[in-house]
Amino acid sequence: MIIGAPAHDPFERDRGGPATPLLTVKGLLKHFPIRGGALGRVQAHVRAVDGVDFEVMKGETLGVVGESGCGKSTTARLLLSLIDPTAGEVFFDGMKVGSPELSLKEFRRQTQMVFQDSYSSLNPRLTIEASIAFAPQVHGVPKREAVARARDLLARVGLDPVRFAGRYPHELSGGQRQRVNIARALALQPRLVLLDEAVSALDKSVEAQVLNLLMDLKDEFGLTYLFISHDLNVVRFISDRVMVMYLGQVAEIGPSDVVFDRACHPYTTALLSSMPSIDPDHRTMEAPLAGDPPNPINPPSGCRFHTRCSFVEQVCSSVQPRLTEAGPQHEAACLMVVPGSGHSKAPVGTGVAA
Amino acid sequence: MAALAQHTLAAPAPAEKADGYWIGVWRRLRRDPVAMVALAVIVALILMAILAPYLAPADPLRGQSLRRLRPIGTAGFPLGTDELGRDMLSRLIWGARLSLFMGITPVILAFFVGSAIGITAGYAGGRVGTVIMRTIDVFYAFPSVLLAVALSGALGSGTGNALVSLTVVFVPQIARVAEAVTTQVRQRDYVEAARASGAGPVTIVRVHVLGNVLGPIFVYATSLISVSMILASGLSFLGLGVQPPNPEWGLMLNTLRTAIYVQPWLAALPGVMIFFTSIAFNLLADGLRNAMDVKQ
């Protein structure tokens, strides 16, 4: 079953059909070596992304949430091979990325990224139009056509091409620049767009405008989004499914409503209760999560969250929980979900979800 | 009334074309009085060098032993005569040619070579970048004056060899700056975005890196012109650069040195020229640096 499948696919590039995930990530791993000493030998590794598996279905929006440093952005950069993964495979519409079937360049044409910093992601010396037209030209579109496409996209993201095409990034506001970045990402007619904190730097009114724009564009172009953010409200608003990450691993993944209303993993619960509420009866009086996440150089043994978890038991520090089904399409990596794990709250026997 | 005015303002704007980057730089530079004076001085010096045959009242090479070391203000010789009786004013005007040439040419050559090396090292990064930059660092082991003197000495005296040795002195300095700026630019998101769109390194450097690094490198190079002039004068002073009887300020300073107790003001004149020229280039570089700083 696919959540939020598009009514149409305007590009007719669908190979595997709607049942094939658009993006499949298997065992993605990135360890950054830390060198030290006189000889510059590798002394330790930062386990930024430590074995991540997930799928993004066609036409859905997968929200990725987690604290700073949990590996959200690294995951996005690994997907586009902007940094080389230590291990892991990425499949796009059933084809392995980097195989003869699907070259990296072709994959990058179909997958684009919008960055958080709207200023740093536009070349200050190029006009808006030139920035958007750059990528199509790289892929062999003649300049005239690329510029025409750039102007068309500017109009679609709500910027009058007559006024904005010839301007430079520093003459635009943050919201306008982020619209340009979205247009730039769409210039290659991608199928998957990675939005890395794409609205986090915008003020609230502009953020709402850009979010609505993203939803409109998704319908119009039949896009699939991987939406990375630390803002839970925004993720809930835009996502069909949500993936919660903690210290480079997936803690919980499931449909947006389920994760937000019936979270299984204590980390998700804590994260959700840290959301500020307007309702005075639901005001959080104390921080649900104390302290910073542990150091990813030396992650805790067993369950990575056990150092901050309020349900911690003896077994949590020795057994590492695997992602286990907790409901339809809902998985969590917590020993309280794993049947017969030894945790007092774990379901007994098999097949019964908590 | 107010509503009407607002309505007029909200009328569809005509086609807008933002000014290019360099037009903006020029607009900001024009508001900087110090930089404008410096620019005027430099333009005047260049014009003086070009128009030397028409401006100079006398032949800079012909002297008369009867009228040696006349003081400033002598009839017929407004700035006096040098130790061989040649007209100082004419020699100073002609001297601008060689002095400016020796100041600017090595910097231009080093700008191209150094930028190419530095940008390559900066964009490649990693091992390649380290190897290139450590090699460049070897030149840093020598003070620049010493290096210029040693190279000129080894190559032999003469204008061409002085030019080469000065270029070699400046290449590492410019490469260092180019590498630093490129490393910064390489980490910007627009370079990542360009990589994510499948562009190769050459295209990225051409479209996204060059435009953003050449400006700062250019500013740094401008500030090196004064250094180059002084070094070139120094080489001439030591007899390694321009050879007599050609007029060049550094060389003139050298030959007039013996007259410093007889006509101190006269002997100082070429030094004054070097001083003002290098100050002008330095102030222009400062002004450019400020003008090129695009505000967000």
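Q: What makes a crossing of two helices left-handed or right-handed?
A: A crossing is left-handed if the near helix is turned anticlockwise from the far one by less than a right angle, and right-handed if clockwise. Helices here are DSSP runs (H or I, at least four residues), strands are E runs of at least two, and both are numbered from the N terminus. In this predicted model, α5(B) passes α8(B) in a right-handed crossing.

Q: At what angle do α5 and α8 of chain B pack?
A: Helix α5 (residues 88–124) and helix α8 (residues 159–186) of chain B pack at about 40°, with their axes 5 Å apart. Axes are lines fitted to C-alpha atoms, for helices over the stretch in contact, and angles run from 0 to 180 degrees between N-to-C directions. By class, this contact has 20 nonpolar, eight polar and three charged residues. Nonpolar means Ala, Val, Leu, Ile, Met, Phe, Trp, Tyr, Cys and Pro; charged means Asp, Glu, Lys and Arg; the others, Gly among them, are polar.

Q: How do α5(B) and α10(B) cross?
A: Their axes come within 7 Å and cross at roughly 145°. The crossing is right-handed. Residues in contact have C-beta atoms, placed from the backbone, within 7 Å. Among those making this contact are G103(B) and F111(B) of α5(B), and V209(B) and A221(B) of α10(B). By class, the contact of α5(B) with α10(B) has 18 nonpolar, four polar and no charged residues.

Q: Why is R289(B) called partly exposed?
A: R289(B) has 17 other C-beta atoms within 10 Å. A residue is buried at 20 or more, exposed at 12 or fewer, and partly exposed in between, with C-beta atoms placed from the backbone. So R289(B) is partly exposed. R289(B) lies in helix α12 (residues 264–291) of chain B. R289(B) and T222(B) are 67 residues apart in sequence and 9.9 Å apart in space, C-alpha to C-alpha.

Q: Why is helix α1 of chain A called largely enclosed?
A: Seven of the eight residues of α1(A) (residues 72–79) are buried, so the rest of the structure largely encloses this helix. The buried residues include K72(A), R77(A) and L79(A). After α1(A) comes S81(A), whose phi is positive, near 55°.

Q: What makes a set of residues a nonpolar core?
A: The set consists of buried Ala, Val, Leu, Ile, Met, Phe, Trp, Tyr and Cys residues joined through C-beta atoms within 7 Å. The largest such core has 170 residues, and L226(A), V244(A) and I174(B) have the most contacts inside it. Helix α10 (residues 201–237) of chain B gives the largest share, 17 residues. Beyond its neighbours within four places in sequence, V244(A) is in contact with residues including V65(A), Y267(A) and L271(A).

Q: How many residues does each chain give to the contact?
A: Chain A gives 29 residues and chain B gives 25 residues. On the side of chain A that touches chain B, the elements giving two or more residues are α2 (104–110), β6 (111–114), α3 (128–138) and α5 (161–164) of chain A.

Technical notes:
Residues numbered from 1 in each chain as written. Chains lettered and ligands numbered in written order. Predicted model: local features only at pLDDT ≥ 70, side-chain atom pairs only at ≥ 80, totals over all residues. Contact = placed C-beta atoms within 7 Å.
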